[in-house]
Amino acid sequence: MSGSAESMRRLERSIRRRLDARAALDRVVRSLPAIVQIVVAATASYLIARELLGHDLPLVAVTVTIISLGLARDATPRRVVETVIGINIGIAVAALLVQVISQGAWQTAVILGLTLVVARAVSPSAAFAIAAAVQSMLVAVLPAPDGGVFARSLDGLVGGVMALLITALIPRFDLVRRRGEATALYSLLDQALTSLHEALRAGDSAAAELALARSRRTQRLIDEWTTSLESARGVASFSPWLRSRRARLANEAQLLAVTDLITRHVRAIARRVEVVVREGEGRPILAALVETTGEVVRLLGRSHDDEAARYATRALAATLAAQCSPSAVDGVSDQVVVVLLRPLVFDVLVHLGMTPDEARAQLPAL
(Lines give C-alpha, C1' and ligand atoms only; values in the text may rest on other atoms or scores of the structure.)
Protein backbone atom coordinates (compact mmCIF):
# COMPACT_ATOMS: atom_id res chain seq x y z
CA MET A 1 0.00 0.00 0.00
CA SER A 2 2.79 2.38 0.95
CA GLY A 3 4.63 1.46 -2.25
CA SER A 4 1.55 2.36 -4.28
CA ALA A 5 1.22 5.71 -2.48
CA GLU A 6 4.88 6.47 -3.13
CA SER A 7 4.45 5.63 -6.81
CA MET A 8 1.50 8.01 -7.02
CA ARG A 9 3.53 10.78 -5.38
CA ARG A 10 6.38 10.23 -7.85
CA LEU A 11 3.93 10.36 -10.75
CA GLU A 12 2.40 13.55 -9.36
CA ARG A 13 5.83 15.18 -9.01
CA SER A 14 6.74 14.13 -12.55
CA ILE A 15 3.54 15.61 -13.97
CA ARG A 16 4.03 18.81 -12.00
CA ARG A 17 7.61 19.17 -13.32
CA ARG A 18 6.40 18.68 -16.89
CA LEU A 19 3.65 21.25 -16.45
CA ASP A 20 6.06 23.74 -14.88
CA ALA A 21 8.54 23.23 -17.72
CA ARG A 22 5.80 23.68 -20.30
CA ALA A 23 4.57 26.87 -18.61
CA ALA A 24 8.13 28.22 -18.47
CA LEU A 25 8.67 27.48 -22.16
CA ASP A 26 5.35 29.09 -23.03
CA ARG A 27 6.32 32.25 -21.11
CA VAL A 28 9.61 32.45 -22.97
CA VAL A 29 8.02 31.94 -26.39
CA ARG A 30 5.32 34.54 -25.76
CA SER A 31 7.95 37.02 -24.54
CA LEU A 32 10.34 36.59 -27.49
CA PRO A 33 8.93 39.53 -29.53
CA ALA A 34 9.29 41.83 -26.51
CA ILE A 35 12.78 40.50 -25.74
CA VAL A 36 13.98 41.14 -29.29
CA GLN A 37 12.46 44.62 -29.22
CA ILE A 38 14.09 45.53 -25.89
CA VAL A 39 17.53 44.14 -26.82
CA VAL A 40 17.61 46.03 -30.14
CA ALA A 41 16.35 49.29 -28.62
CA ALA A 42 18.64 49.21 -25.57
CA THR A 43 21.69 48.40 -27.68
CA ALA A 44 20.88 51.23 -30.10
CA SER A 45 20.38 53.67 -27.21
CA TYR A 46 23.72 52.67 -25.73
CA LEU A 47 25.57 53.14 -29.01
CA ILE A 48 24.00 56.53 -29.74
CA ALA A 49 24.63 57.90 -26.26
CA ARG A 50 28.19 56.56 -26.07
CA GLU A 51 29.48 56.86 -29.61
CA LEU A 52 27.59 59.90 -30.91
CA LEU A 53 27.12 61.92 -27.71
CA GLY A 54 30.36 60.82 -26.07
CA HIS A 55 28.81 59.77 -22.73
CA ASP A 56 31.07 57.20 -21.08
CA LEU A 57 28.36 55.67 -18.91
CA PRO A 58 24.98 55.92 -20.73
CA LEU A 59 23.15 54.08 -17.98
CA VAL A 60 20.08 56.32 -18.13
CA ALA A 61 19.66 55.89 -21.89
CA VAL A 62 19.61 52.11 -21.52
CA THR A 63 17.34 51.99 -18.47
CA VAL A 64 14.86 54.45 -19.97
CA THR A 65 14.57 52.25 -23.05
CA ILE A 66 14.08 49.06 -21.07
CA ILE A 67 11.54 50.54 -18.65
CA SER A 68 9.61 52.26 -21.46
CA LEU A 69 9.18 49.08 -23.47
CA GLY A 70 8.91 46.49 -20.70
CA LEU A 71 7.76 42.90 -21.14
CA ALA A 72 4.07 43.65 -20.68
CA ARG A 73 1.81 43.09 -23.65
CA ASP A 74 0.51 46.66 -23.74
CA ALA A 75 3.70 48.40 -24.92
CA THR A 76 1.71 50.75 -27.17
CA PRO A 77 3.11 54.06 -28.43
CA ARG A 78 0.87 55.94 -26.01
CA ARG A 79 2.06 53.88 -23.04
CA VAL A 80 5.68 54.28 -24.13
CA VAL A 81 5.26 58.06 -24.44
CA GLU A 82 3.69 58.25 -20.98
CA THR A 83 6.53 56.25 -19.46
CA VAL A 84 9.16 58.32 -21.24
CA ILE A 85 7.61 61.56 -20.01
CA GLY A 86 7.51 60.22 -16.46
CA ILE A 87 11.11 59.10 -16.60
CA ASN A 88 12.34 62.40 -17.97
CA ILE A 89 10.36 64.35 -15.38
CA GLY A 90 12.19 62.35 -12.72
CA ILE A 91 15.54 63.07 -14.33
CA ALA A 92 14.83 66.79 -14.74
CA VAL A 93 13.52 67.29 -11.19
CA ALA A 94 16.44 65.41 -9.68
CA ALA A 95 18.99 67.25 -11.84
CA LEU A 96 17.62 70.64 -10.78
CA LEU A 97 17.60 69.70 -7.10
CA VAL A 98 21.10 68.27 -7.21
CA GLN A 99 22.30 71.61 -8.55
CA VAL A 100 20.65 73.40 -5.61
CA ILE A 101 21.09 71.05 -2.63
CA SER A 102 23.89 68.74 -3.85
CA GLN A 103 23.93 65.00 -3.01
CA GLY A 104 23.64 63.09 0.25
CA ALA A 105 21.24 61.14 2.46
CA TRP A 106 18.77 63.87 3.34
CA GLN A 107 19.08 65.31 -0.16
CA THR A 108 18.10 61.91 -1.58
CA ALA A 109 14.98 61.89 0.59
CA VAL A 110 14.03 65.40 -0.52
CA ILE A 111 14.61 64.60 -4.21
CA LEU A 112 12.57 61.39 -4.03
CA GLY A 113 9.71 63.03 -2.18
CA LEU A 114 9.46 66.02 -4.51
CA THR A 115 9.76 63.81 -7.60
CA LEU A 116 6.84 61.66 -6.45
CA VAL A 117 4.76 64.75 -5.66
CA VAL A 118 5.40 66.27 -9.08
CA ALA A 119 4.78 62.96 -10.88
CA ARG A 120 1.48 62.37 -9.06
CA ALA A 121 0.40 65.90 -9.90
CA VAL A 122 1.20 65.40 -13.58
CA SER A 123 -0.39 61.97 -14.06
CA PRO A 124 -2.86 59.71 -12.21
CA SER A 125 -0.85 56.65 -13.23
CA ALA A 126 1.06 54.99 -10.40
CA ALA A 127 3.49 53.47 -12.90
CA PHE A 128 4.26 56.98 -14.17
CA ALA A 129 5.27 58.12 -10.68
CA ILE A 130 7.40 55.04 -10.00
CA ALA A 131 9.24 55.41 -13.32
CA ALA A 132 10.01 59.03 -12.47
CA ALA A 133 11.16 58.10 -8.97
CA VAL A 134 13.52 55.35 -10.13
CA GLN A 135 15.27 57.63 -12.59
CA SER A 136 15.47 60.49 -10.07
CA MET A 137 17.33 58.17 -7.71
CA LEU A 138 19.90 57.36 -10.37
CA VAL A 139 20.57 61.07 -10.71
CA ALA A 140 20.59 61.65 -6.93
CA VAL A 141 22.85 58.73 -6.01
CA LEU A 142 25.32 58.34 -8.90
CA PRO A 143 28.22 60.77 -9.41
CA ALA A 144 27.53 63.46 -11.97
CA PRO A 145 28.83 62.62 -15.46
CA ASP A 146 31.42 64.77 -17.22
CA GLY A 147 28.76 66.77 -18.98
CA GLY A 148 26.97 67.58 -15.72
CA VAL A 149 23.77 66.15 -14.28
CA PHE A 150 21.71 67.47 -17.17
CA ALA A 151 23.57 65.14 -19.54
CA ARG A 152 21.36 62.42 -18.12
CA SER A 153 18.29 64.28 -19.38
CA LEU A 154 19.73 64.04 -22.87
CA ASP A 155 20.34 60.33 -22.33
CA GLY A 156 16.73 60.00 -21.18
CA LEU A 157 15.50 61.62 -24.39
CA VAL A 158 17.71 59.30 -26.44
CA GLY A 159 16.27 56.27 -24.67
CA GLY A 160 12.70 57.50 -25.07
CA VAL A 161 13.03 58.31 -28.76
CA MET A 162 14.64 54.95 -29.41
CA ALA A 163 11.85 53.14 -27.57
CA LEU A 164 9.26 54.89 -29.76
CA LEU A 165 11.16 54.17 -32.98
CA ILE A 166 11.56 50.50 -32.14
CA THR A 167 7.88 50.24 -31.20
CA ALA A 168 7.06 51.38 -34.74
CA LEU A 169 9.82 49.64 -36.68
CA ILE A 170 9.91 46.32 -34.79
CA PRO A 171 6.34 45.90 -33.52
CA ARG A 172 5.42 43.04 -31.26
CA PHE A 173 3.66 40.86 -33.77
CA ASP A 174 2.03 38.89 -30.98
CA LEU A 175 -0.22 41.95 -30.63
CA VAL A 176 -1.51 41.84 -34.19
CA ARG A 177 -1.50 38.17 -35.07
CA ARG A 178 -4.55 36.03 -34.36
CA ARG A 179 -4.97 35.94 -30.60
CA GLY A 180 -6.98 33.54 -28.46
CA GLU A 181 -9.19 35.87 -26.41
CA ALA A 182 -12.19 35.80 -28.77
CA THR A 183 -12.02 32.01 -29.17
CA ALA A 184 -11.84 31.46 -25.41
CA LEU A 185 -14.72 33.85 -24.76
CA TYR A 186 -17.04 32.36 -27.37
CA SER A 187 -16.21 28.88 -26.12
CA LEU A 188 -17.26 29.94 -22.61
CA LEU A 189 -20.46 31.58 -23.92
CA ASP A 190 -21.24 28.37 -25.80
CA GLN A 191 -20.78 26.35 -22.62
CA ALA A 192 -23.00 28.73 -20.64
CA LEU A 193 -25.81 28.65 -23.23
CA THR A 194 -25.54 24.86 -23.53
CA SER A 195 -25.97 24.56 -19.77
CA LEU A 196 -28.95 26.96 -19.90
CA HIS A 197 -30.55 24.82 -22.59
CA GLU A 198 -30.08 21.70 -20.51
CA ALA A 199 -31.43 23.44 -17.40
CA LEU A 200 -34.59 24.54 -19.21
CA ARG A 201 -35.07 21.23 -21.04
CA ALA A 202 -34.92 19.10 -17.90
CA GLY A 203 -35.71 21.59 -15.15
CA ASP A 204 -32.19 21.01 -13.84
CA SER A 205 -31.22 23.59 -11.22
CA ALA A 206 -27.62 22.30 -11.08
CA ALA A 207 -27.21 22.99 -14.79
CA ALA A 208 -28.66 26.47 -14.26
CA GLU A 209 -26.18 27.19 -11.47
CA LEU A 210 -23.34 25.97 -13.69
CA ALA A 211 -24.53 28.24 -16.52
CA LEU A 212 -24.64 31.21 -14.16
CA ALA A 213 -21.12 30.48 -12.90
CA ARG A 214 -19.81 30.20 -16.46
CA SER A 215 -21.53 33.42 -17.55
CA ARG A 216 -19.91 35.31 -14.67
CA ARG A 217 -16.47 34.20 -15.81
CA THR A 218 -16.91 35.99 -19.14
CA GLN A 219 -16.05 39.44 -17.76
CA ARG A 220 -12.39 38.56 -17.19
CA LEU A 221 -12.11 37.38 -20.79
CA ILE A 222 -13.82 40.54 -22.05
CA ASP A 223 -11.31 42.65 -20.10
CA GLU A 224 -8.34 40.66 -21.45
CA TRP A 225 -9.62 40.91 -25.01
CA THR A 226 -10.18 44.67 -24.60
CA THR A 227 -6.63 45.23 -23.33
CA SER A 228 -5.10 43.07 -26.04
CA LEU A 229 -7.08 44.72 -28.83
CA GLU A 230 -6.32 48.24 -27.63
CA SER A 231 -2.62 47.37 -27.64
CA ALA A 232 -2.81 45.90 -31.13
CA ARG A 233 -4.68 48.93 -32.52
CA GLY A 234 -2.25 51.32 -30.86
CA VAL A 235 0.76 49.63 -32.43
CA ALA A 236 -0.94 49.27 -35.83
CA SER A 237 -1.83 52.97 -35.90
CA PHE A 238 1.81 53.89 -35.30
CA SER A 239 3.76 51.30 -37.27
CA PRO A 240 4.18 51.73 -41.06
CA TRP A 241 4.46 47.95 -41.45
CA LEU A 242 1.00 47.24 -40.06
CA ARG A 243 -1.26 49.44 -42.16
CA SER A 244 -2.90 46.39 -43.73
CA ARG A 245 -3.95 45.14 -40.27
CA ARG A 246 -5.90 48.25 -39.31
CA ALA A 247 -9.15 47.34 -41.08
CA ARG A 248 -9.16 43.84 -39.58
CA LEU A 249 -8.54 45.24 -36.11
CA ALA A 250 -11.34 47.78 -36.58
CA ASN A 251 -13.72 44.93 -37.46
CA GLU A 252 -12.51 43.03 -34.42
CA ALA A 253 -13.29 46.07 -32.27
CA GLN A 254 -16.89 45.99 -33.57
CA LEU A 255 -17.13 42.28 -32.75
CA LEU A 256 -15.80 42.94 -29.26
CA ALA A 257 -18.42 45.66 -28.70
CA VAL A 258 -21.34 43.40 -29.60
CA THR A 259 -19.79 40.47 -27.70
CA ASP A 260 -19.58 42.61 -24.57
CA LEU A 261 -23.31 43.31 -24.89
CA ILE A 262 -24.06 39.62 -25.48
CA THR A 263 -22.18 38.53 -22.37
CA ARG A 264 -24.20 41.00 -20.30
CA HIS A 265 -27.44 39.65 -21.76
CA VAL A 266 -26.37 36.03 -21.15
CA ARG A 267 -25.59 36.81 -17.52
CA ALA A 268 -29.02 38.40 -17.06
CA ILE A 269 -30.74 35.43 -18.73
CA ALA A 270 -28.75 32.95 -16.61
CA ARG A 271 -29.81 34.71 -13.41
CA ARG A 272 -33.47 34.53 -14.43
CA VAL A 273 -33.28 30.90 -15.59
CA GLU A 274 -31.68 29.91 -12.30
CA VAL A 275 -34.87 31.15 -10.62
CA VAL A 276 -37.27 29.67 -13.20
CA VAL A 277 -35.99 26.09 -12.96
CA ARG A 278 -36.22 25.89 -9.18
CA GLU A 279 -39.65 24.30 -9.64
CA GLY A 280 -37.94 21.32 -11.29
CA GLU A 281 -40.13 21.37 -14.38
CA GLY A 282 -38.87 21.44 -17.95
CA ARG A 283 -39.56 24.44 -20.18
CA PRO A 284 -39.38 23.02 -23.74
CA ILE A 285 -40.29 26.27 -25.53
CA LEU A 286 -37.72 28.30 -23.63
CA ALA A 287 -35.19 25.51 -24.09
CA ALA A 288 -35.67 25.65 -27.86
CA LEU A 289 -35.27 29.43 -27.89
CA VAL A 290 -32.05 29.25 -25.85
CA GLU A 291 -30.74 26.44 -28.04
CA THR A 292 -31.23 28.63 -31.12
CA THR A 293 -29.59 31.53 -29.27
CA GLY A 294 -26.57 29.34 -28.64
CA GLU A 295 -26.32 28.56 -32.34
CA VAL A 296 -26.57 32.27 -33.18
CA VAL A 297 -23.73 33.05 -30.77
CA ARG A 298 -21.57 30.20 -32.13
CA LEU A 299 -22.03 31.47 -35.69
CA LEU A 300 -21.33 35.03 -34.61
CA GLY A 301 -18.02 33.93 -33.13
CA ARG A 302 -16.99 32.63 -36.57
CA SER A 303 -18.42 35.56 -38.52
CA HIS A 304 -15.34 37.77 -38.06
CA ASP A 305 -13.33 35.69 -40.56
CA ASP A 306 -16.11 33.84 -42.39
CA GLU A 307 -18.51 35.81 -44.57
CA ALA A 308 -20.79 32.77 -45.00
CA ALA A 309 -21.10 32.48 -41.22
CA ARG A 310 -22.00 36.17 -41.09
CA TYR A 311 -24.94 35.71 -43.47
CA ALA A 312 -26.01 32.53 -41.69
CA THR A 313 -25.93 34.34 -38.34
CA ARG A 314 -28.12 37.15 -39.65
CA ALA A 315 -30.69 34.74 -41.11
CA LEU A 316 -30.86 32.62 -37.96
CA ALA A 317 -31.01 35.68 -35.71
CA ALA A 318 -33.94 37.04 -37.74
CA THR A 319 -35.72 33.71 -37.36
CA LEU A 320 -35.08 33.72 -33.63
CA ALA A 321 -36.30 37.31 -33.33
CA ALA A 322 -39.65 36.36 -34.85
CA GLN A 323 -40.07 33.68 -32.15
CA CYS A 324 -39.34 35.99 -29.22
CA SER A 325 -42.93 36.73 -28.30
CA PRO A 326 -43.73 36.62 -24.57
CA SER A 327 -47.19 35.29 -25.46
CA ALA A 328 -45.52 32.07 -26.70
CA VAL A 329 -45.02 30.93 -23.10
CA ASP A 330 -47.16 30.83 -19.97
CA GLY A 331 -46.32 32.49 -16.67
CA VAL A 332 -44.64 35.76 -15.89
CA SER A 333 -41.28 34.14 -15.04
CA ASP A 334 -41.10 32.38 -18.40
CA GLN A 335 -42.14 35.53 -20.22
CA VAL A 336 -39.34 37.47 -18.53
CA VAL A 337 -36.80 35.06 -20.04
CA VAL A 338 -38.23 35.71 -23.51
CA VAL A 339 -38.11 39.46 -22.90
CA LEU A 340 -34.44 39.16 -21.89
CA LEU A 341 -33.65 37.30 -25.13
CA ARG A 342 -35.03 40.13 -27.27
CA PRO A 343 -32.24 42.72 -26.70
CA LEU A 344 -29.59 40.03 -27.33
CA VAL A 345 -31.10 39.25 -30.73
CA PHE A 346 -31.58 42.95 -31.45
CA ASP A 347 -27.89 43.72 -30.78
CA VAL A 348 -26.76 40.86 -33.01
CA LEU A 349 -28.95 42.04 -35.90
CA VAL A 350 -27.71 45.63 -35.60
CA HIS A 351 -24.11 44.43 -35.52
CA LEU A 352 -24.73 42.43 -38.70
CA GLY A 353 -25.90 45.44 -40.67
CA MET A 354 -29.54 46.11 -39.87
CA THR A 355 -30.61 49.56 -38.76
CA PRO A 356 -32.15 49.73 -35.27
CA ASP A 357 -35.60 50.23 -36.84
CA GLU A 358 -35.13 47.21 -39.10
CA ALA A 359 -33.99 45.08 -36.17
CA ARG A 360 -36.97 46.15 -34.07
CA ALA A 361 -39.30 45.25 -36.91
CA GLN A 362 -38.06 41.65 -36.70
CA LEU A 363 -39.32 41.34 -33.11
CA PRO A 364 -42.99 40.65 -32.33
CA ALA A 365 -44.86 43.47 -30.62
CA LEU A 366 -44.99 43.30 -26.83
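The chat below covers charges, the surface, the cores and one serine.

Analyst: Before we start, this is a predicted model: local features need pLDDT of at least 70, side-chain atom pairs count only at pLDDT 80 or more, and totals for chains, interfaces and linings use all residues. Residues are numbered from 1 along each chain as its sequence is written, and side-chain values use heavy atoms, with hydrogens and water left out.

User: How many salt bridges are there?

Analyst: The count is 10 salt bridges. The rule asks for a side-chain nitrogen of Lys or Arg within 4 Å of a carboxyl oxygen of Asp or Glu.

User: Which residue does E224 pair with?

Analyst: E224 forms a salt bridge with R220, with 2.8 Å between the closest N and O atoms. Both residues sit in helix α9 (residues 218-238), four residues apart, or about one turn of the helix. Helices here are DSSP runs (H or I, at least four residues), numbered from the N terminus.

User: What about R264, which residue does its side chain meet in a salt bridge?

Analyst: That is D260, at 3.3 Å from N to O. R264 and D260 are four residues apart in helix α10 (residues 246-276), so about one helical turn separates them. R264 is partly exposed, at 44%.

User: And E274?

Analyst: E274 forms a salt bridge with R278, the closest N and O atoms being 2.9 Å apart. E274 is buried, with 15% relative accessibility, whereas R278 is exposed at 56%.

User: Which residues are linked in a network of salt bridges?

Analyst: D190, E295 and R298.

User: Switching to the surface. Which residues make the nonpolar patch?

Analyst: L25, V28, V29, L32, I35, V39 and L71 make a nonpolar surface patch of about 620 Å². Patch residues have over 30% relative accessible area and no salt bridge; nonpolar side chains (Val, Leu, Ile, Met, Phe, Trp, Tyr) are joined within 5 Å, and like charges within 9 Å. Accessible areas come from the Shrake-Rupley method with a 1.4 Å probe; for residues, only the protein chains shown count as cover.

User: Where is V28?

Analyst: V28 is in helix α1 (residues 2-52), and is partly exposed at 44% relative accessibility.

User: Now the inside. Which residues touch the most other members of the largest nonpolar core?

Analyst: L196, I262, V273, L300, V348 and L349, out of 58 residues in that core. The elements giving two or more residues to this core include α7 (181-202), α10 and α13 (332-351). Of these, α10 gives the most, with 11 residues. A nonpolar core is a set of buried Ala, Val, Leu, Ile, Met, Phe, Trp, Tyr and Cys residues joined through side-chain atoms within 4.5 Å.

User: What does L300 touch?

Analyst: Not counting residues up to four places away in sequence, L300 touches Y186, L255, V258, I262, T313, V348, H351 and L352. Contact means heavy atoms within 4.5 Å.

User: Last one, S68. Where is it, and what does its side chain reach?

Analyst: S68 lies in helix α2 (residues 59-69) and is buried, at 3% relative accessibility. The S68 side chain reaches the backbone oxygen of V64 at 2.6 Å. Leaving aside neighbours within four places in sequence, S68 is in contact with V80, T83, V84, I87 and A163.

Conventions
Buried < 20%, exposed > 50% of the residue type's maximum accessible area, 1.4 Å probe, protein only. Polar contact = N/O pair within 3.5 Å; in protein donor to acceptor, adjacent residues only side chain to side chain.
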